[in-house]
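Hello! Here is the structure I promised to pass on to you. Have a look at it first, and then read my notes below.

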Amino acid sequence: MFKLFDVEVILLTENGFTRDKIGNKIPTYAKNALLARELPITRNEYYTAGQNNIELARAIIVHPFEYDGQKLIEIDNTAYSVTRTYKRNNEEIELYLTQRV
């Protein structure tokens, strides 16, 4: 059975800084949109992450040629941090995400 890549994902790559009114550095990001497939988080994965004080929010699959080690991802206007990656095969890589506050 073929699973669809139907979740729109934006990979954020830091590409410099701007300054606000009082001179604080604010990072700017280059955005790269692509499609991903969402995975359910297994009970074992959720439990193991919880033991390390990590609360997994989502798991997605992307193609390795589209992903270049970005640590920030945006899905539905919500920012996530990549906590773990797993290369399933030459065609797919799993990204485990936690929500940024």
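**Charged side chains and their partners**

Glu38 counts as partly exposed, at 33% relative accessibility; buried means under 20% relative accessible area, exposed over 50%, and partly exposed in between (1.4 Å probe, protein chains only). Before we go on, please note that this is a predicted model, where local features need pLDDT of at least 70, side-chain atom pairs count only at pLDDT 80 or more, and totals for chains, interfaces and linings use all residues. Residues are numbered from 1 along each chain as its sequence is written, and side-chain values use heavy atoms, with hydrogens and water left out.

Glu38 forms a salt bridge with Arg58 (a side-chain nitrogen of Lys or Arg within 4 Å of a carboxyl oxygen of Asp or Glu), and their closest N and O atoms are 2.8 Å apart. This pair links distant parts of the chain, 20 residues apart: Glu38 lies in strand β2 (residues 25-39) and Arg58 in strand β3 (residues 58-62). Strands (E, at least two residues) are DSSP runs, numbered from the N terminus. Arg58 is buried, at 15% relative accessibility.

Now for Arg88, which is partly exposed at 36%. Arg88 forms a salt bridge with Glu92, with the closest N and O atoms 3.6 Å apart, and another with Glu94, at 2.9 Å. Glu92 is buried at 14%, and Glu94 is buried at 8%. Through shared partners, salt bridges join Arg37, Arg88, Glu92 and Glu94 into one network. The count of salt bridges comes to 5.

Enjoy exploring!

How values were computed:
Helix = DSSP H or I, 4+ residues; strand = E, 2+ residues; numbered from the N terminus.
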